[in-house]
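Hi everyone, thanks for making the time. Let me put the model up on the screen, and then we can walk through a few local features together.

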Amino acid sequence: MTDLAVARLPLGSRVFGWLRGRRSTWRERTTARDRGEVELNQRRVYVLPTRAGLGFSALLLALLVGSVNYSLGLGFGLTFVAAACGLVDMIAAYRNLAHLHLRPGRAGAVFAGEEAPFELLLANRTRLSRFALWVDIDTATDPRHAVDVPAGGGATVVLSGTSSRRGWMKAPRVRLATRFPLGLFNAWSYWQPDSRALVYPFPEQDAPPLPVSGHPSPDGAGSAGSDDFAGVRSYQPGDPLRQLAWRHIARLDPSLGGQLVTKQFEGGALDELVLDLDALPPRLDLELKLSRLARWVLEAELRALPYALRLGRQAIDAGLGPAHQAACLEALALYGSVDEAR
Amino acid sequence: MKTLRPSLPRFWSPLPRDKQDTLLLLASTVLVLLPHTAHLPLWVTLLCGATLVWRALLTLLGRRMPTNLVLAPMAIAAMAGVLQTYHTVLGRDAGVAMLVLLVAFKMLEMHARRDLFVVVFLCFFLVLTNFFYSQSIGTALLMLVSIVALLTTQLSFQLTGAVPPLRTRLLMGAKILALAAPLAAVGFILFPRVNGPLWGMPDDAHGASTGLSDTMAPGQFSSLAQSDDPAFRVKFDGPPPAQPQLYWRGPVLGAYDGRTWSRLTARPHLGSKAPQPVSISVRGDALRYQVTMEPSNMRWLFALEMPRALPQLSSGAASATPELELQASSPVRERIRYDLASYVDFSFQPGDTLDNAYQWLLLPYGRNPKALAAGQRLRQDYPEPLQRVQAVLRQFATQGYSYTLEPPLLGVDAVDEFLYDTRAGFCEHYAGAFVFLMRAAGIPARVVTGYQGGELNPIDGYFTVRQSDAHAWSEVWLPGRGWVRVDPTAAVAPDRVQRSLARALPAPAPFGFEGLGRLLQPAPDSLLARVRFAIGAANNGWNQWVLNYGPQRQHALMESLQDNLFSWRSAALLALACAVLLLGRKLSRQRREDPVDRLYSALCHRLGQLGLPRAPDEGPTAYAARVAGAALAPGPKAAAAEFLRRYSAWRYAPPAQPQFHGAGLPTILKELLSRVR
């Protein structure tokens, strides 16, 4: 029935509709997210001549004209052999890329503004060794990674995309290209890996010191003192010079910003460090609050102070260690997004 | 056992990749330039060699390449040198020399990847220019080797990481060529051919060649007789005529100045009578044949006496003179092919009178008095012209005349000296003297030059007519019978006409050894002769089908293809081939996949049919757990669980263990699969 209905439409609109359908499937093909492993089939690999390929066609024309003009029988032979070699190169360039299996690998977590690494796994299940594959994110002008994938083997490429905001970052679209074997044709393909990297909030620069006494303890003795050495914190203007932790400064991790640190002394009972979003001044922007919390998480980890995190309804109990830090940073990264529940 | 490794890899392998690539490019360039050294001036060869060696040393020592300040004066000096040598920079040979120098200098000025392509493309063009000088089978083989070298170089430059050994890369290059070959053959056969040239060619576009000219002086034919070059090849449609009938007519010479016979150029007509039409009557069937003529740089075409019609040439129609000389519209500068039909039995202008007969009776004044007197005597002795002809032939046969390639030199009265003193000569002496005597005896006569005979190659059935078959004979006009061919050489040396020149002459003895001469002139049935015939047939096939595959041949081939292709038999064959190809493709694709993986896919498919499709992200273990919890009959469920357990164990075996499944695994899995219903 529908076929009949279609047949009754005027030809022009039918052709137009068909074209529109084609275009949308093309767009889908080039931009859709590829779930799991992907095989580069002939619908995904594009081939066009390179500049050298255009030069080669000029050479072919010169060979043909020379052969015709001087009636060189063998010259015709050379011309057609060269032309056929060009065509074989086109097919070989396509085959160098086609039927590769692509799989996203691990994606590392980074702070906003850093380069997020995406691991891509290329598997070659054919008997044809692949050479000189250029892989990079689509927006890169000059591809930076070249790999070879031996027959029946695999290769790993780590691409990096610049992260901008916290949360999940989609892997950028990847462009795979090759000019092997003769460089006359460029075969390329796009791949949208189904992979994402976690982007933590950017740790605030010049954040206020850790709220070690964020909440006054019931006995009122939890304030900062000068009796017991409790750790170090970022230098704040006004800290007395004799309290600077010179030894720490000497071996300080540059990831903290290479700042000065001040020795912190506490008197009385050690309070549990609670980093609470709601405890921050309400007039601050949410992103700035998260940014400050991220800085505090790093600092607490550095000073080996067990810390708990409270983000509205979400609460992470006090703890220490890389896993705890990662959990806290992830909670900060995903706060307010749909993935928060994870 | 310890083996000695060749020193090359040791020297080769420690070189960095880019240096290896550069040396490979140098080697390919040398391969392309090498055949050019045969025709280039020595200084160009030496300069190119020095430049390439310089480049190799720069590469090996890791030095920097010369700046343009050094290169530019060198290039200008080289251009001046070409101008000095060839007096032009535009001609064919000068152009080739310039290209060769350009490639050599470009090697010193390579900075970017683009420059590599420039050098490789120039090398491709230089391979073509080599065909100006030689298009033999050997050149074609060298071309293939050069192409493999160039392809290998090109693909070596494309590599980024892993570099396979040179041998593997050469194999890759050869593979590209092998894959290209059928495609190239199709292009070669089907690409529409046009007749060149597209524009006027430089004067040196065609080299000098040996062959018949349109004059005849003593010594000319004997020098041609030394040349083994083929003049043309002939393929008869039916059985070939006998050797004594193979007279290939060429220029007809009627003017004699006492030394040289030449064609009549001015054609004065006495009175205002229109020239008599040329009348020919023929008897019997025409012989059909095809002539493939080598380039001669002359307009003459050769045909068996007497051609029925003018041959059609691709370059335009041929024409004929009243003497029945065939001419092309322009000099034959490339191999041409034409079809002809000829009558062996014919009468040529068989009237009772001959127009302008005086032209064929003129003799130079005051020369050769003895021969002149002899001719007049003949006229008195024999009233019948035919009797005079026979008398002279009898004289040649009986009075101690000999046939030799090295006749004594003759003075001013050449005919007299030859007839009465030296009595030794080659065909031009006999033909010339005979025509002189005939004219003196009052019979219109002329010298006909051309070729006589030919060698049949039993392998491909082609007659090869060589320059050494060049011959001169004569024609006399007899009232009522017309122009009659008389070959005085046949009277002296019947073998020359009956068999071949080599049989007619005494066996040569190179360096004084009789046996050596026999070795060089092998008997027709010896092994050496058969090898020679085979090589000749290969060369002829090469000429016919590769070098001379022009519009005509293409047209003929297409027509025969059309006839053969559009029959049910070929269609059935084509369909069968397609089916076999598709089946083979399918099988090979199946084989490529691991059988265990294939069985796993089959299981997933079958469980999907039972309502339990595998989720895309589900591994076999998770799938097994889901299957175990699903509502499925206990038998299939157990089989599927066992299948998945075994598959999972095999698939995720630690890499240290052998990856190969036991020979039994596919069988077991297949059995389990059959139980899942």
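Let me start with a definition: buried means under 20% relative accessible area, exposed means over 50%, and partly exposed is in between, with a 1.4 Å probe and protein chains only. Those areas come from the Shrake-Rupley method, and for residues only the protein chains shown count as cover.

A word on where this comes from: it is a predicted model, where local features need pLDDT of at least 70, side-chain atom pairs count only at pLDDT 80 or more, and totals for chains, interfaces and linings use all residues. Residues are numbered from 1 along each chain as its sequence is written, chains are lettered from A and ligands numbered from 1 in the order in which they are written, and side-chain values use heavy atoms, with hydrogens and water left out.

Now, cysteines. A:Cys328 counts as buried because its relative accessibility is 0%. B:Cys48 is buried too, with a relative accessible area of 5%. How many disulfides are there over all chains? If we ask for a pair of cysteine sulfur atoms within 2.5 Å, the count over all chains is 0.

On to the backbone. A:Pro181 sits in the loop between β10 (174-178) and β11 (185-191) of chain A; strands here are DSSP runs of E, at least two residues, and helices are runs of H or I, at least four, numbered from the N terminus. In chain B, the bond from B:Glu305 to B:Met306 is cis, again with omega near 5 degrees, and B:Met306 is in the loop between β9 (303-304) and β10 (312-313) of chain B.

Next, positive phi. A:Ala132 is not a glycine, yet its phi is about 50 degrees. This alanine, A:Ala132, belongs to strand β6 (residues 130-137) of chain A, and A:Ala132 is buried, at 1% relative accessible area. B:Asn297 has phi near 65 degrees and lies in the loop between β7 (287-293) and β8 (300-301) of chain B. With 27% relative accessibility, B:Asn297 counts as partly exposed.

Last stop, the surface. A:Arg95, B:Lys175, B:Arg585 and B:Arg589 gather there in a patch of positive charge. 
B:Arg585 lies in helix α20 (residues 568-592) of chain B.

Terms used: Patch = residues over 30% accessible without salt bridge, like charges linked within 9 Å, V, L, I, M, F, W, Y side chains within 5 Å. Areas by Shrake-Rupley, 256 points an atom, 1.4 Å probe, with all protein chains shown as cover. Salt bridge = Lys/Arg side-chain N within 4 Å of Asp/Glu carboxyl O. Lys, Arg positive; Asp, Glu negative; His and termini not counted. Charge placed at Lys NZ, Arg CZ, Asp CG, Glu CD.
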